[in-house]
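Good morning, and thank you for joining this meeting.

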Amino acid sequence: MAKKITTKAKEPVRLRMKALADGSKSLYLDIYENGKRSYEFLRLYLIPESSPKAKVQNEATLRAANTIKFNRILELTNNKAGLKNTSVRSKQTLKDWMATYQTRQKEKGVKDESLISNTIKAISGYNFDIQMRDIDREYCIGLTDYLRNKYVTKLGKHLKPYSVINYMACLRNALNMAVREDVIAENPINKLTTQDKVKTPESKREFLTIEEVKRLEEAESPFPHIKRAFLFGCYCGLRCSDIRTITWSQITKDGEQYRLHLVMYKTKRPIYIPLSKKAMQYLPEQGDAPAADTIFKNIPPKMSSRIYLKKWLDNASITKPISFHCSRHTFATMMLTLGADIYTVSKLLGHTKVDTTQIYAKIINKKKDDAVSLIDAAFADVKRVD
């Protein structure tokens, strides 16, 4: 009769140690779950047993390490069974975790410190001391309602929809980190339905018509270098942050066609676009400037429309609230008005999704509707005679 072979189940968590230069040993957990291996360093150390006291200390350290190991095995077992996370870390408050998240992001150099601070300030009035393991879909729905209807800023105003969306997105990112670090088993915000979330309001994008651009070209500006840069933006669609930094070396000539290649400041994505003759017309003379020089000099980091654009707009008899960024909107709507397809316009703008460009198509369609309605207005008093 064949001997029955028994296989020993592999431990999902093993206690291991790493020898250090000073003769001590660092204890860590080797965790294997769902085919993936991770390590948790416990910051516990075994010291050389040079005395009975050191031996007793090591025994206590090992007991502590094995207790942590047991808790991690229990956490993994509960997670697989769909039970609530019972780990010590899951019992920390949302307030403590948000502070941890803020510190981690700062250490990584992520530029969202202001958003995190504002999010913490906003959600602190809604059960901020809840334990991480107790945050569920109902809590997230209640928090969304609180931010939308009850939270008031120091100026006594309610939050705008975009602010609520940004704060909930920040919280979602913080909870995603908590999932990655096994503080919680899943992110409850992911359980919210479309009806539970704040709807993104359709943004109003101001732009100039072709006729208005022509008037701006002819109007005098007290800041000629700003005028050049703005009109260049109208004819190529770049953001001010990109126009400010492009150099002569980034413009190349392919036959009769000039092209610009750069990595966009906002998206960090490379873009390679052809430049029209009109765009080239508003480049300053290179002269003896080296290829590494920026093309548009003295463009301020923060463009004040009131200071740099208002007088120029007044001279062109344009009363719209135009900012420098409207040059990008103008390019997009002008391209669509002239018959360019939305996919091509999307690529010229450097959008990652055509959906982002769709707002400009809606603007164009609205203008078409307005134009057709002029007929109805013009003949409103005319009675039909059959």
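Helices and strands in this talk are DSSP runs, numbered from the N terminus: helices are H or I runs of at least four residues, and strands are E runs of at least two. The model is a predicted one, in which local features need pLDDT of at least 70 and side-chain atom pairs count only at pLDDT 80 or more, while totals for chains, interfaces and linings use all residues. Residues are numbered from 1 along each chain as its sequence is written, and side-chain values use heavy atoms, with hydrogens and water left out.

On that basis, the protein chain has 14 helices and six strands. Its length is 386 residues, of which 36% count as buried. Buried means under 20% relative accessible area, exposed means over 50%, and partly exposed lies in between, with a 1.4 Å probe and protein chains only. A contact means heavy atoms within 4.5 Å. Among contacts in the protein chain with a separation of 6 or more, 58% come from residues 24 or more positions apart.

Let us turn to the strands. Two strands pair if DSSP finds at least two bridges between them. Three strands form an open sheet in the order 1-2-3, with antiparallel pairing. Strand 1 and strand 3 (36–46) are at the edges with a single partner strand each, so one side of each has no neighbour in the sheet. Strand 1 (residues 13–19) is joined to strand 2 (residues 25–33) by seven bridges, with Leu 15 opposite Leu 29. Five residues lie between the strands of this hairpin, where Gly 23 takes a positive phi near 95°. Nine bridges pair strand 2 with strand 3, and Tyr 32 has Arg 37 in strand 3 as its bridge partner.

Strand 4 (residues 251–254) and strand 5 (residues 257–263) run antiparallel and are joined by four bridges; Thr 252 stands opposite Arg 259. Two residues lie between these strands, and Gly 255 has a positive phi near 70°.

Next, the interior. A nonpolar core is a set of buried Ala, Val, Leu, Ile, Met, Phe, Trp, Tyr and Cys residues joined through side-chain atoms within 4.5 Å. The largest such core has 52 residues, and those touching the most other members include Leu 216, Phe 230 and Leu 260. Helix 7 (residues 224–236) gives the largest share of this core, eight residues. Apart from it lies another core of 33 residues, including Leu 94 and Phe 128. In soluble globular proteins, nonpolar side chains tend to be buried together.

Which residues does the side chain of Asp 196 reach through polar contacts? A polar contact is a pair of N or O atoms within 3.5 Å; within protein, one must be able to donate a hydrogen and the other to accept it, and residues adjacent in sequence count only if both atoms are side-chain atoms. The side chain of Asp 196 makes a polar contact of 2.7 Å with the side chain of Arg 137, and reaches the backbone nitrogen of Thr 193 at 2.9 Å. Asp 196 lies in the loop between helix 5 (161–180) and helix 6 (210–218), and is buried, with a relative accessible area of 14%.
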